[in-house]
Amino acid sequence: TFQPLVFSGVQPTGNLHLGNYLGAIRKFVALQENNDCIYCVVDLHAITAQLVHDDLRGQIRSIAAAFIASGIDPKKHIVFNQSAVPQHAELAWIFNCVARIGWMNRMTQFKDKAGKDRENASLGLLAYPSLMAADILVYRATHVPVGDDQKQHLELARDIAQKFNIDFQEKIRATGKGVDMVVGEEPIHGYFPLVEPLIDGPAPRVMSLRDGTKKMSKSDPSDLSRINLMDDADEIARKIRKAKTDPEGLPSEAEGLKGRPEADNLVGIYAALADRSKADVLAEFGGQQFSVFKPALADLAVNVLSPISAEMRRLLGDTSHIDAILRDGGERARARAEKVMGDVFDIVGF
Ligand code: ADP
Ligand code: NA
């Protein structure tokens, strides 16, 4: 069997928001207690949708600072940026040859990001999920904490691992580096694990504060739609006060949130920030109006986020410290990735 290993990544594009924090970073922090974890600033992904950035290095440092300020320990675990480990791109090339074009064409994120002018999207944007599979599998990681929007990409990573394992089965056996595993009912001898997504929790998909049918996103033109990790207490309170709701108050049971996406979103955010279930939050606030719940939510959000943004500012005041953490993490990640790529080259036959 495979050694359990957690891997995840965040792109250095624009400000981190509450969706990134609750869907990803907060889970990264919780998982580090009982697992070996690798957390990556995925800078190679950042140039798929937009090629030229003003300050990519600054953005990379800012994500690394967010990881550490949120409580990730870069000594016990690994924090680094993707471009420091060339094996990600190397394995991605091999996976480009494993994956089928039809698989990529089905990805909803590609369709969303490419928009109407698909012929003019970068080839990198189409191949993005293949690089993401390589990010994970170049460490043979087994568990990936992500927001709900990444579910389809993780299914693709499983498809790529499975096709690699089956197509190279005899060669994997010959190297002696494989693992007996069962795919469906069939016992095979594979090299890559089929990754498990870790998506649960009360806020797997944090929605826009202005429109409960759209996910909270960096690219939403409305600043009121999202809470940024770096927002100050007044901004957080203002955005929550202005958050869209319906005329009813809070229900006393989760059933009562059905068909009320804005109410459901705010209760989910509260639950995730407080490490409680939605049912538990409703047991406290059921029957109350949003005029009571919103200030409580704002206080909670400020209590959780303010220490993180203060620590991020402190860390970013000394870029040499952050750079040293990234350099050290990159070296440790590279040592692991080199071993896996050595095996992969043997398996492919280079
Ligand atoms: P973004 O989606 O904001 O461009 P990334 O692609 O770098 O940022 O995503 C980083 C992590 O944040 C991923 O695990 C993604 O699933 C998660 N995430 C992003 N937006 C949300 C959201 N609105 N709700 C929950 N998780 C989210
Ligand atoms: Na995303």
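Analyst: A helix axis here is a line fitted to C-alpha atoms over the stretch in contact, and angles run from 0 to 180 degrees between N-to-C directions. Helices are DSSP runs (H or I, at least four residues), numbered from the N terminus. The model is predicted, so local features need pLDDT of at least 70 and side-chain atom pairs pLDDT 80 or more, while totals for chains, interfaces and linings use all residues. Residues are numbered from 1 along each chain as its sequence is written, with chains lettered from A and ligands numbered from 1 in written order.

User: Why is α4 called oblique to α7?

Analyst: The axes of α4 (residues 87-98) and α7 (residues 123-137) cross at roughly 125° and come within 8 Å. Therefore α4 is oblique to α7, since the angle is not under 35 degrees (roughly parallel), over 145 (roughly antiparallel) or from 65 to 115 (roughly perpendicular).

User: What makes the contact between α4 and α7?

Analyst: Helix α4 supplies His88, Leu91, Ala92, Phe95 and Asn96, and α7 contributes residues including Ala127, Leu131 and Asp135. Contact requires C-beta atoms, placed from the backbone, within 7 Å. By class there are eight nonpolar, three polar and one charged residues.

User: Which term describes α1 relative to α3, and why?

Analyst: The axes of α1 (residues 18-31) and α3 (residues 56-70) come within 9 Å, crossing at roughly 50°. That angle makes α1 oblique to α3. The crossing of α1 past α3 is right-handed. It brings together Ile25, Arg26, Phe28 and Val29 of α1 with Ala66, Phe67 and Ser70 of α3.

User: How do you know that the span of α8 agrees with its number of residues?

Analyst: The 17 residues of α8 (residues 151-167) should span 24 Å at 1.5 Å a residue, and the end C-alpha atoms are 24 Å apart, so the two agree. The expected span is 1.5 Å times one less than the number of residues. Among the buried residues of α8 are Leu154, Ile160 and Phe164.

User: Why does Gly287 count as exposed rather than buried?

Analyst: Gly287 has 10 C-beta neighbours inside 10 Å, and therefore counts as exposed; the cut-offs within 10 Å are 12 or fewer for exposed, 20 or more for buried, and partly exposed in between. Gly287 sits in the loop between α12 (278-285) and α13 (290-316). Beyond four places in sequence, Gly287 contacts Gly249, Leu250 and Ser252.

Note on methods
Helix = DSSP H or I, 4+ residues; strand = E, 2+ residues; numbered from the N terminus. Contact = placed C-beta atoms within 7 Å. Nonpolar A, V, L, I, M, F, W, Y, C, P; charged D, E, K, R; others polar. Left-handed = near helix turned anticlockwise from the far one by under 90°.
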